Amino acid sequence: MAQDQTSLGELGSQRGLIAQASLMVDMELTPEIRLKAILEGTGAGTWEWNLDTGEVIYNPRWADLLGYCLEELQPVTFKTWENLCHPKDLQEAREALARYLDGDAPQFDCVVRMLHKFGDWRYIHTRGTLLTDDQGLDTRWLMGTHLDVTREKLSQHQMEQLAKSLPGIIYTFVLEPGGRYYFSYLSEKTWDFYGLTTDECLADPDKIFNLIHPDDLPRVHESIAVSAETLEEWVCEYRVQTKRGSYWLKGVSLPERDPDGRISWHGMTINIDTQKNLELELEQLSITDELTGLYNRRYMLRKLQESVAQGERYGDTFSLISLDIDFFKIINDSYGHPTGDAVLKRFADIIESSTRKSDIVARTGGEEFIIFMPNTGLSEAGQVAESLRVTLQTESFVSDEGETFSITFSAGVVNWSGSDTQSTSVRDLLSACDQSLYAAKRSGRNRIVADGDGE
Ligand SMILES: Nc1nc2c(ncn2[C@@H]2O[C@H](COP(=O)(O)OP(=O)(O)OP(=O)(O)O)[C@@H](O)[C@H]2O)c(=O)[nH]1
């Protein structure tokens, strides 16, 4: 290095220079002063290493980072650094340097542990670049900085430990104003959840989105959009299909918007497969009739409430057929309760096979059934009921004792339309349906009464 050039080490020793400079209004801001101000601001130690002569220069801050003043470390040589460096990190530092000098890395860049005067290890981020003869120097100087990143390293370590102990993936998901999205942080459990490495998911967030069940994906997108709009917590349950199988996940995260309009969600994804399947099973049980496997009264009422609410909004129509097996008590009394049960099951199958997939069939009482027919008018529903009545006449049933018999039913049919000025409530609709059914019973059974006709 040329003698008249000010080394970074010397610059570093000119303490107080900046303060003086600010007082001296006319003083010129030389590149050296600027550089020193920048270094002071970053709290970085500096080092210079002549690769040809082995000469080494450290600034006082370099020693200060490890609790020393430079004088205590005299004579400072390359060995000074090596002796303070953790033996296990030396090799990694050498490899990082070799990568840089071989042109495989843009910079000499590594984090090593260095021994503090107090006896604890500090994480020191070391960066350096080579000044060569292209820059007018007759020997090769590697120059760089040391920054204490112990606090960051410890926080990172704590975060990693925390992530390991939590039963899910911790993440930060970012949505930019232009629509670009990515994960800025993902804990390592991506492998357990998706069979994907964290790096893969960080590089391409769609690797995760592509695993979401196609039926659930629109709901996931929609809920993210709502959370972005309202900045309210994002909570979503969805299925994923991975190489490891299909299961339910639940995402929970809190969004925050930065001044540039970028939204970051910080949260966690957990596996809820067991509890969700149990929940779905219980839900299914709560709406299913145990004997026939049809829906039960509870589900039919819920379906009617939903359909009426939706129909009032969109002007939809639907019809209901309420069926009741005639003289069922006699069947029980004559052939026994188990035969009665078998009749109910068989009758349920016959109804199901005589109706459309979009129709909903429920057993709403002992020998009472309701068929809900969406987008169906009164006469069409009446025809379905009549055709079912005729079908049943051709069916013969056999008792446990081997006796054959046949059954009939009576039915009431009603229609509901959201376009009616005064639409009927669910309760009034069911009552009207019952009235029609009773009318059918009263007028001799084995018949259909549509919307009170025949009263
Ligand atoms: N086997 C069996 N019978 C049931 C079940 N639930 C209700 N029942 C019987 O169904 C019969 C219904 O009798 P009723 O209400 O008098 O009606 P019905 O005999 O069908 O006469 P109508 O409806 O007037 O034609 C009763 O004997 C109930 O015990 C069930 O799950 N299994």
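A residue is called buried here if 20 or more other C-beta atoms lie within 10 Å of its own, exposed if 12 or fewer, and partly exposed in between, with C-beta atoms placed from the backbone. The model is predicted: local features need pLDDT of at least 70, side-chain atom pairs count only at pLDDT 80 or more, and totals for chains, interfaces and linings use all residues. Residues are numbered from 1 along each chain as its sequence is written.

Helix H13 covers residues 297-314; helices (H or I, at least four residues) and strands (E, at least two) are DSSP runs, numbered from the N terminus. Its buried residues are Tyr 299, Met 300, Leu 304, Ser 307 and Gly 311. They lie on the same side of H13, because their arc around the axis is only 130°, taken from the directions from the helix axis to the C-beta atoms. Gln 305, Glu 306, Ala 309 and Arg 313, on the other side of H13, are exposed.

The buried residues of H13 pack against several elements, among them strand S12 (317-325), strand S17 (409-417) and helix H17 (426-442); contact means C-beta atoms, placed from the backbone, within 7 Å. After H13 comes Gly 315, with a positive phi near 75°.

S12 also takes part in the ligand site. The ligand is surrounded by 16 residues, the closest being Asp 326, Phe 328, Lys 329, Gly 340 and Gly 366; a residue counts if its C-beta atom, placed from the backbone, lies within 6 Å of the ligand. S12, helix H14 (328-335) and helix H15 (337-354) each give two or more residues to this shell, and H15 gives the most, with four.

Key:
The expected span of a helix is 1.5 Å times one less than its number of residues. Two residues are in contact if their C-beta atoms, placed from the backbone, lie within 7 Å.
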